[in-house]
Amino acid sequence: MGWTAGHLKGPFTARAAIEFDLGAEFAARVIDTTRFGQVIYAAVRSSDGQEVFGLVLLAERRDGMLYTKPISEDMGPAEDHCPARILDQLTEPSNDNAREWRKRCRARLARPRRQQGQMVVPANRPSSSARMRTAP
């Protein structure tokens, strides 16, 4: 699938972007969404109501235009920042691409997160106050 572009009426929300690209009927089956930068992750109920699958929607609003590109989990999206709350709602994956995507997302979630502002200083390095001392 390629990119869709057009004018979005109303606020730029995850659900509005999904409806813009995939239509109101599809958007009505969306259970939950989250946005990570320009990537929207969604849990979507299948049209028969038996399954819930993952959707990745690339979305960018620029110069008054909305650009979107949907990628179903069974296509093996590269984006893997999907949160656990979305992943936990999905039913059994439909193929190995979906299985691998979920595995990458879970692996990312399991990695320790760096805290902003942390600085690692080697133990043998003198502190900044020791380096700033001047000789008398």
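View 1. Strand β4 (residues 52–62) and β5 run antiparallel, with eight bridges joining them. Strands here are DSSP runs of E at least two residues long, helices are runs of H or I with at least four, and both are numbered from the N terminus. Two strands pair if DSSP finds at least two bridges between them. Look for L55, which sits opposite S72 in β5. Two residues lie between the strands of this hairpin, and D63 has a positive phi near 55°. This is a predicted model, where local features need pLDDT of at least 70, side-chain atom pairs count only at pLDDT 80 or more, and totals for chains, interfaces and linings use all residues. Residues are numbered from 1 along each chain as its sequence is written, and side-chain values use heavy atoms, with hydrogens and water left out.

**View 2. The other partner of β5.** Strand β1 (residues 4–6) also runs antiparallel to strand β5 (residues 65–72), and three bridges join them.

**View 3. Helix α1 and its cover.** Which residues of helix α1 (residues 14–22) are buried? They are A14, A16, A17, I18 and D21, where buried means under 20% relative accessible area (1.4 Å probe, protein chains only). Their cover includes β1, α2 (24–27), β2, β3 (39–45), β4 and β5. Just after α1 comes G23, with a positive phi of about 95°.

**View 4. The largest pocket.** About 350 Å³ of space lies in this pocket. A pocket is an open set of points on a 1 Å grid over the protein atoms alone, where a 1.4 Å probe fits, with protein on both sides within 12 Å along at least five of seven lines; lining residues have an atom within 4 Å of a point. The volume is the space filled by probe spheres set on the points. Of the 14 lining residues, F36, H81, R108, L109 and R113 lie nearest the centre. The elements giving two or more residues to the lining are β2 (30–36) and α4 (96–110). By class, the lining has seven nonpolar, two polar and five charged residues; Ala, Val, Leu, Ile, Met, Phe, Trp, Tyr, Cys and Pro count as nonpolar, Asp, Glu, Lys and Arg as charged, and the others, Gly among them, as polar.

**View 5. Stepping back to the chain.** Five helices and five strands make up the secondary structure, in the order β-α-α-β-β-β-β-α-α-α along the sequence. Of the chain's 136 residues, 34% count as buried.

Key:
Buried < 20%, exposed > 50% of the residue type's maximum accessible area, 1.4 Å probe, protein only. Contact = heavy atoms within 4.5 Å.
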